[in-house]
Amino acid sequence: MNNMSIAASQFTTLLPNDVLARSERMRLNPMRRRTNRMRGEHMSGKGGTSIEFSDYREYVAGDDIRYVDWNIFSRLNQPYLKLYAHEEEMHVAILLDSSASMEFEGKFDLARQVAASLGVMGLMNVERVSVYTCGQGRGRMPFLKPCSGRSSLKRFFQFLEQTEVGGSIPIEESIEQVLKQHSGKGIAIVISDFLTFGDVSRGFNLLHGAGLEIYGVQVLGPTELNPELAGDMRFVDAESNATLDVSSVGELLGLYHQHRQALEDYLGSQCRKRSGRFIATSSEIPLKELLFDRLLRNGWIR
Amino acid sequence: MSWLSSFIPSFFNPIGAALFALLIPIIIFYFLKLRRTRVEISSLALWQQVINDQRVNAPFQKFKRNFLLFLQLLLLCLVALAAMQPYWKGNAEQLTYLPILIDVSASMGSVDQEGDTRLDLAKAEILQIVDGLLPDQKLTLIAVGASARRLTEFTDNKQVLKNALAKLKVQDVPSNVVDGLRLAQALSRTQEIKTVRFYSDGNLPTKPNPATGKLMAEVDFDLPFSVDFFQIDSPGNNIGITALNARRATPEAWDVFLRVEGAGSGSTESKVILKANGELVGDEQIVLGPGEAQRIIFKVDAQSAQYLEATLEPVGHDALQVDNQTWLNLPKGRDVDVFCPGELTTFRHALEALEGVDVFPLTDGSENAVDYDLLISDKSGDLGKPAGVSVFIGVVPEDLKTLVRIEDESAEVVDWQRDAQILQHVQLKDVVISELPIKNEGVEDIHIEELGYKILAHGNRGPLILSQRDGIRIKYYLLFHTDRSTLPYRVGFPVLVANIMTEAMQRASLTELRAPSTGVLPAMELAKEKTYRVTLPDGKHERRSTNEKGLLKGISATMAGEYEIRDGGELVTKVGVGLLNATETRLETVETITFNELSVEAERERLLTDKPLWTWFAAFAFVILLVEWWYFQKKPTGIPD
């Protein structure tokens with residue numbers, strides 16, 4: 001079987017058909033439920049105008065008396081509000097780090113696939129999905145405007161397929177740029193290696209403040225997770241071409257692992273502090289395992 | 001600061017320090033090689049943190065960074081030091097050529113409670129010297145037993161020296177230190193020898209010091225070098241047989257005398273067993289105090305030949321095993337056959353008075369066809385008659401006739417060897433002799449001695465009595481006729497005849513026998529010019545031939561035990577030799593050896609030889625090499641499993 005036939009039979013080069021099909025049946029599972037001005041299929045925890053009954057609660061001053069259940073009032077002589085589940089659409093902003101550092105060891109490929117799969121889940125559940133390619137340059141960054149529904153799938157995949165790696169803008173700076181363009185609450189899925197000299201806490205604060213729940217996905221290459229180096233080295237930064245001379249690298253690997261783990265822990269805590277989620281993964285992990293095992297078990301999707 | 005200098009090693013090969021110059025290229029090459037490998041990574045962010053952290057937490061990082069260089073420099077330093085051949089200077093004088101004499105006499109085989117012989121202890125000390133041998137030093141090893149034997153040439157080859165030491169065995173013989181010193185003296189003619197080292201237990205032939213009464217070993221040797229005498233300590237108790245003699249008590253019986261001696265260090269106890277032809281003759285339990293000796297007498301039948309075997313079975317520790325057994329061959333007892341012509345009435349008269357003597361020819365003129373034990377004749381025609389002892393009266397041997405002539409003048413005895421066997425207790429002074437042996441013009445005593453004669457009595461112008469050995473036989477020549485002297489009328493005459501008879505009986509093994517001791521086997525009279533197979537006590541064989549007179553002699557017997565002489569597998573005779581040396585058995589030691597003009601004290605302090613250190617440096621360098629290899633190859637630390 002040749003590659004042409006495979007390509008021809010696949011809807012997108014990013015996801016195998018089976019992964020795509022399964023992704024279409026799944027949906028994102030945010031920690032909190034948020035409302036939006038526009039209705040969507042996504043269940044909102046906050047009461048809204050819907051025909052689906054949710055609960056009762058006692059009337060408090062200021063409540064719209066139109067929602068008082070008069071039948072209850074007549075029987076109990078106490079006003080109770082009748083609450084309805086509010087189905088409304090949610091924004092899913094995908095921040096895909098496409099800086100040069102993501103070029104290594106298939107990190108960007110996995111990141112694109114994850115973005116594609118999670119984006120499909122959003123689109124198929126009529127969420128407002130937008131994609132921002134971070135790290136490529138200052139100024140207006142290429143992005144996919146919010147779109148929803150199956151009709152947007154092709155555009156969505158096309159955007160991702162055309163995205164290329166390059167640039168040296170750190171992720172925290174890119175988040176700020178994204179927020180200048182994005183509006184709407186929901187989920188911000190940040191897919192990056194988070195190897196930055198800066199601090200992501202400010203960017204995460206801004207995301208949280210904008211009503212976006214932070215889903216952090218750290219993708220690292222195998223040599224970043226477990227470098228097998230020894231001797232004296234001159235490391236060259238792929239983004240900035242800056243160099244760093246390190247002697248007896250083998251001796252420092254222990255320290256490296258401590259720092260890598262500390263970064264992972266820090267990112268995790270920063271996400272969780274803002275009611276978000278975080279996962280770190282190797283670029284070598286099979287996509288299915290990541291999506292339908294780890295993310296599913298961690299409650300990211302359902 | 002002398003104490004400090006004792007901690008600084010000396011260097012035998014300081015020129016090896018030139019290797020330190022290699023430090024410079026190593027350092028240069030190291031920094032040239034230090035061009036770092038460029039590795040492109042996604043981000044320096046983590047590594048920058050690592051470096052910042054490491055600079056704070058690892059103050060010795062610079063050292064660690066260059067640890068491999070440090071190891072390489074250390075390795076080179078060690079190799080250079082090893083090449084310089086450092087050594088701790090000992091208290092022994094550094095000598096270029098050093099002969100080491102090793103006593104291998106029987107007493108060196110005495111074992112202590114741990115089972116080590118004294119030769120083992122000596123070997124251990126000599127091995128230390130061999131190990132500490134510096135490249136300009138050469139040793140030669142000389143084993144000193146009954147004679148000296150050079151084991152190695154002067155060599156610095158440690159393996160050769162160690163092999164020679166390993167092969168060195170104790171000989172069951174008394175030591176002859178003079179022989180060893182003579183050998184060293186001979187070596188000193190070709191090499192400059194300042195000192196000879198002598199390892200011995202100090203068990204040497206001794207005699208009491210006339211001044212102190214203590215035993216001292218006196219060696220008649222002019223030392224051309226100094227002797228360092230290293231004494232190996234005595235191991236303890238010993239008991240052994242020091243003599244086994246037999247004397248004819250009657251024509252039917254032998255008295256066998258056995259002397260057992262104990263070492264001076266303590267009491268000893270043993271059972272003495274005597275067997276004749278394998279049959280028990282008698283046994284006795286004896287207890288000896290320190291240094292005591294005991295003589296035990298057994299009666300043995302003389303009617304047949306007997307092969308005696310005396311054995312000790314000591315109770316408790318016995319340092320020396322070799323002196324616990326000895327052997328003696330006793331011939332069948334018989335009368336002595338003497339040939340004496342009827343004309344020599346004086347001799348016949350004296351002989352017939354002796355018991356157990358058959359004098360031929362008999363009155364009817366018959367002669368004994370076999371060998372005579374003693375031949376006394378005044379006829380030159382009897383010179384060819386075989387006899388153990390021959391005495392010719394008034395006969396000048398053919399070969400002497402050119403040197404000595406007899407004239408009819410009176411002669412007198414000027415001097416005679418009073419310790420010669422036949423002249424013991426014989427007074428020759430004032431004997432009137434009417435025949436005068438005269439040395440011819442220009443003839444000296446030495447000319448006579450060169451022909452194999454020994455002058456026993458000197459006349460005023462020439463020799464009067466001569467002896468000549470002929471194999472195991474002996475001939476005596478009285479150059480004057482006794483009938484023409486006053487000798488037959490003197491008291492000394494029957495004494496002379498008795499002495500002659502005693503010697504004849506001894507040579508015929510009919511009167512007194514002594515068990516042979518180690519050294520050389522006693523000469524044996526066998527078939528002429530025939531090859532025999534000699535089996536040694538250790539089972540080895542030698543092939544030896546008798547000479548034209550049928551004598552088998554010169555067989556070295558450095559091991560105590562039984563020697564079998566076989567002819568084509570058939571046992572001809574068996575001779576057992578024992579140590580039979582009181583000095584060796586007593587294990588007495590002397591701390592001083594007295595040489596001519598000087599004495600040598602035993603060294604109590606063990607010699608500290610120069611200790612070469614290069615092996616340690618080389619070994620340490622090897623360890624450093626392994627560490628460097630390990631460090632270079634090891635998995636980087638801190639990687640989680």
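This is a predicted model: local features need pLDDT of at least 70, side-chain atom pairs count only at pLDDT 80 or more; totals for chains, interfaces and linings use all residues.
**Confidence and overall make-up**

The model scores ipTM 0.80 and pTM 0.52. Chain B averages a pLDDT of 85, and 93% of its residues score at least 70. Within chain B, strand S25 (residues 453-459) has the highest confidence, at 93, while helix H4(B) has the lowest, at a mean of 59. Watch residues 637-641 of chain B too: the pLDDT there is below 50, and the stretch has ten contacts in the model beyond near neighbours in sequence.

As for secondary structure, chain B has 13 helices and 39 strands. Buried residues make up 35% of its 641 residues. Take the contacts in chain B between residues at least 6 apart in sequence, and 72% of them join residues at least 24 apart.

**Where the chains meet**

The contact draws 35 residues from chain A and 26 residues from chain B. On the chain B side, the elements giving two or more residues are strand S2 (37-41), helix H3 (45-57) and helix H4 (61-65). H3(B) gives the most, with nine residues. By type, that side of chain B divides into twelve nonpolar, eight polar and six charged residues.

How do the strands S9 of chain A and S2(B) run, parallel or antiparallel? They are parallel, and five bridges join S9 (residues 233-237) of chain A to S2(B).

**A sheet in chain B**

Four strands of chain B form an open sheet in the order S32-S31-S35-S36, with antiparallel pairing. Strand S32 (541-545) and strand S36 (570-577) are the edges, each pairing on one side only. From one strand to the next, the twist averages 25°. S31 (residues 531-535) is joined to S32(B) by five bridges, and Arg533(B) has Arg543(B) as its bridge partner in S32(B).

**A helix with two faces in chain A**

Helix H10 (residues 287-297) of chain A has Leu290(A), Leu291(A) and Leu295(A) as its buried residues. They sit on the same side of H10(A) because they cover an arc of only 85° around the axis. An α-helix has 3.6 residues a turn, so residues three or four places apart point the same way. The buried residues of H10(A) pack against helix H2 (17-24), helix H4 (107-124) and strand S11 (277-282) of chain A. On the face turned away from that buried side are the exposed residues Glu289(A), Asp293(A) and Arg297(A). Just after H10(A), Gly299(A) takes a positive phi of about 80°.

Most residues other than glycine have a negative phi, and most peptide bonds are trans.

| Site | Backbone value | Loop between |
|---|---|---|
| Phe360(B)-Pro361(B), cis peptide bond | omega about -5° | S19 (357-360) and S20 (372-377), for Pro361(B) |
| His425(B) | positive phi of about 65° | S23 (413-416) and S24 (436-439) |

Technical notes:
Residues are numbered from 1 along each chain as its sequence is written. Chains are lettered from A and ligands numbered from 1 in the order in which they are written. Two residues are in contact if their C-beta atoms, placed from the backbone, lie within 7 Å. Ala, Val, Leu, Ile, Met, Phe, Trp, Tyr, Cys and Pro count as nonpolar, Asp, Glu, Lys and Arg as charged, and the others, Gly among them, as polar. Two strands pair if DSSP finds at least two bridges between them. pLDDT is the predictor's confidence in each residue, from 0 to 100. Axes are lines fitted to C-alpha atoms, for helices over the stretch in contact, and angles run from 0 to 180 degrees between N-to-C directions. A residue is buried if 20 or more other C-beta atoms lie within 10 Å of its own, exposed if 12 or fewer, and partly exposed in between; C-beta atoms are placed from the backbone. The arc is that of the directions from the helix axis to the C-beta atoms.
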